[in-house]
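Please keep the sequence and the model at hand while going through them.

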Amino acid sequence: MHRAALILTGLLMVTPAVAQSVEDVNGSIEIVLGDHTRFEEAFAALQTAVTDEDYEAVAALVSYPITVRSTEEELAVETPEAFAEHYDAIMTEEIIDAVVRQSYETLFVNGEGIMFGDGQIWMSGVCADDACENWTVKVITIQSANP
């Protein structure tokens, strides 16, 4: 019995048990990426658009051009219209599931952006001008985690 308790204690020490809150995620975004409200709004907009199957709204949240790797072949998408046209090939069940199931509190945040699922979707700040004085949060990566 004592040995089992030692093993369990050892496992608990190795296994990270980090619970995040919305404030924690917002703080990480502020430190690493900038204005958290832009990311929080983009996160909610993407989840709503995907849930509602609003192809045009999802397409509007993507940075173009984008190379999508959600199927066996890569797909180069140049415009929102092309995205909407190929929506079913791009937004596979795996990709949709990653977006819909992601909670804000469990977002992974790093210098690349915010990550949905196991990396199926990444959103980041995209500059609208050379000085990057104006920027918006867009989807920059769409890929299968199961190539």
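1. A salt bridge is taken here as a side-chain nitrogen of Lys or Arg within 4 Å of a carboxyl oxygen of Asp or Glu. The model is predicted, so local features need pLDDT of at least 70 and side-chain atom pairs count only at pLDDT 80 or more, whereas totals for chains, interfaces and linings use all residues. Residues are numbered from 1 along each chain as its sequence is written, and side-chain values use heavy atoms, with hydrogens and water left out.

2. Overall architecture. The protein chain contains seven helices and six strands; helices (H or I, at least four residues) and strands (E, at least two) are DSSP runs, numbered from the N terminus. Read from the N terminus, the order of elements is α-α-α-α-β-β-α-α-α-β-β-β-β. Of the 147 residues in the protein chain, 33% count as buried. Buried means under 20% relative accessible area, exposed means over 50%, and partly exposed lies in between (1.4 Å probe, protein chains only).

3. Salt bridges. Across the whole structure, a search finds three salt bridges. In one of them, the side chains of Glu74 and Arg69 meet at 3.0 Å, N to O. Glu74 counts as exposed because its relative accessibility is 54%, while Arg69, at 38%, counts as partly exposed.

4. A salt bridge within a helix. Asp97 and Arg101 form a salt bridge whose closest N and O atoms are 2.5 Å apart. Both residues belong to helix 7 (residues 93–101), and because they are four residues apart there, about one helical turn separates them. Asp97 is partly exposed at 34% relative accessibility, whereas Arg101 is exposed at 66%.

5. The pair Arg38 and Asp35. The side chains of Arg38 and Asp35 also meet in a salt bridge, at 3.6 Å from N to O. Arg38 has a relative accessible area of 31% and is therefore partly exposed; Asp35, with 29%, is partly exposed.

6. Aromatic pairs. How many aromatic pairs does the structure hold? There are six, where rings of Phe, Tyr and Trp (its six-membered ring) pair if their centres lie within 6.5 Å, and planes under 30 degrees apart count as stacked, over 60 as edge-to-face and the rest as tilted. One of these pairs, Tyr55 with Tyr87, is stacked, at 3.9 Å centre to centre and 15° between the planes. Tyr55 lies in helix 4 and Tyr87 in helix 6 (residues 87–90), so this pair ties together parts that are 32 residues apart in sequence.

7. Tyr55 is partly exposed, with a relative accessible area of 27%, whereas Tyr87 is buried at 3%. Tyr87 also forms an edge-to-face pair with Phe83, at 6.0 Å centre to centre and 75° between the planes. Phe83 is buried as well, its relative accessible area being 0%. Elsewhere, ring pairs link Phe43, Tyr104 and Phe116 into a cluster.

8. Surface charge. Which residues gather in a patch of negative charge on the surface? They are Asp52, Glu53, Asp54, Glu56 and Asp88. Such patches are made of residues with over 30% relative accessible area and no salt bridge, like charges being joined within 9 Å and nonpolar side chains (Val, Leu, Ile, Met, Phe, Trp, Tyr) within 5 Å. Lys and Arg count as positive and Asp and Glu as negative, with His and the chain ends not counted. Glu56 is part of helix 4 (residues 55–60) and is exposed because its relative accessibility is 57%.

9. Residues apart in sequence. Pro65 sits in the loop between helix 4 and strand 1 (66–68) and is exposed, at 58% relative accessibility. Pro65 and Val77 are twelve residues apart in sequence, and their C-alpha atoms are 5.7 Å apart in space. Glu40 lies in helix 3 (residues 36–51) and is partly exposed, with a relative accessible area of 29%. The C-alpha atoms of Glu40 and Val25 are separated by 9.5 Å, the two residues being 15 apart along the chain.

Conventions:
Accessible areas come from the Shrake-Rupley method with a 1.4 Å probe; for residues, only the protein chains shown count as cover. The place of a charge is taken as NZ of Lys, CZ of Arg, CG of Asp or CD of Glu.
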